Amino acid sequence: MGERRQITIPYRPRAAQKEIHDRLQRFNVLVCHRRFGKTVLCINEILRQAVACQRPDPRYAYVAPQYRHAKRVAWDYLKAFTRPFADRSVNETELRVDLPWGARISLLGAEDPDALRGAYFDGVVLDEFGLMDSRVWREILRPALSDRHGWAIFIGTPRGRNAFWTLYDEADGRPDWYRALYRASETQILSESELAAARRDMSEDEYAQEFECSFDAAIPGTYYGRLIAAAEREGRVARVPWDPTIPVHTAWDLGIDDATSIWFLQVVGPEVRWIDHYESSGVGLDHYARVLLGRAYVYGHHLLPHDAKARELGTGRSRMEVLTRLGLRPRIVGHHAIEDGIGALRALLSRSWFDAERCAQGLEALRHYRCHWDEKRNVPGARPVHDWSSHAADAARTAAMGLDLFPASRRPQPRRAESEYDILSR
């Protein structure tokens, strides 16, 4: 870094923020109420670590669920707190600040997880991790920290018992992990009069979630959150064994530029048993055919959404034709209104059982799947949010619209290609 000089950053941490700075470990989960100042805290922690780092060309990232979210909440703070570094370089296009000694701080979005691959990091902040696909951490950012022994901070407010809650729960007592929860009623950051006004203006669940950091409050606009919570309370999210005497049906959401999601289900009397789930992206249909045929299941029907009939310009074949040539036996679920499919799935979930381990990722998506929320009118919008949770939710909707069209007692058919296609409709 050459000759060292003293630089004063215009940041005076509150008592709770200072407590966090002093207690941070390598991995940290911070559940903080609204207006706590968690973004300011994390930007300044990144700066503190960047100044102290002895490795060449350190790299840090502030990751939000969406790129525009990162820009909105953190970009002005990053520029303001790095302004005392006179020789810093600010890249407005890439939302990046380069510091004089080679350290780089970038703002990133998690909406395209594959775009985050290939980089290394000395430290990352994951803001509102509960709104991200949990694979962003497990499969991409955690490995990116390994060779530099990097650190991570997860920050956010609760949005039900999703991946953020799981991380907070599992952090308790783990070596190298620190967790903390800060409620507005305890920090005294917001005045009693302001909190009282918020209680008057918000629903009980909204206030409990945003200011008291309740993981049990209902998330506004979720379609299936309460139903999955009910299944958990009733013991219907557990170990669900595969019955080899009953056919396994699959239900798909076929992605082109994003993920393909597949549920594996068995119908046993009035029960629907969701025994497995698989999701991936960036691979061809032959990959999914190998996944299915590599399992020991004896299949009934492979339920595909209506757009699987469309022919691709490059090959002249539909994805249904491709899957048939690969040895599967697909059926098309007829086109339907999204709200009809959501209603059908809500009805199906009341008699559903889920394997907690094999369906963990799909369950997380169903808990999270939600509609756009009209913040001004405080009412739900008409259409679902399209994000990482959409794929598993759409595949489950395909199951709901197709499953009750054949009897549970039907025995599995041999795996063979067919030239004709069955079109399912309601």
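Is glutamate 128 buried or exposed? With a relative accessible area of 6%, glutamate 128 is buried, where buried means under 20% relative accessible area, exposed over 50% and partly exposed in between (1.4 Å probe, protein chains only).

The model is predicted, so that local features need pLDDT of at least 70 and side-chain atom pairs count only at pLDDT 80 or more, while totals for chains, interfaces and linings use all residues. Residues are numbered from 1 along each chain as its sequence is written, and side-chain values use heavy atoms, with hydrogens and water left out.

The structure holds 27 salt bridges, each being a side-chain nitrogen of Lys or Arg within 4 Å of a carboxyl oxygen of Asp or Glu.

| Pair | N to O distance |
|---|---|
| Arginine 34 and glutamate 128 | 3.2 Å |
| Arginine 55 and aspartate 122 | 3.0 Å |
| Arginine 135 and aspartate 133 | 2.6 Å |

Arginine 34 is partly exposed, at 23% relative accessible area.

Arginine 55, in the loop between α2 and β2 (59-64), and aspartate 122, in the loop between β5 (104-109) and β6, are 67 residues apart. Arginine 55 is partly exposed at 35% relative accessibility, whereas aspartate 122 is buried at 2%.

Arginine 135 is buried at 13%, and aspartate 133 is buried at 4%. Elsewhere, a network of salt bridges links Glu94, Arg96, Asp98 and Arg104.

Key
Helix = DSSP H or I, 4+ residues; strand = E, 2+ residues; numbered from the N terminus.
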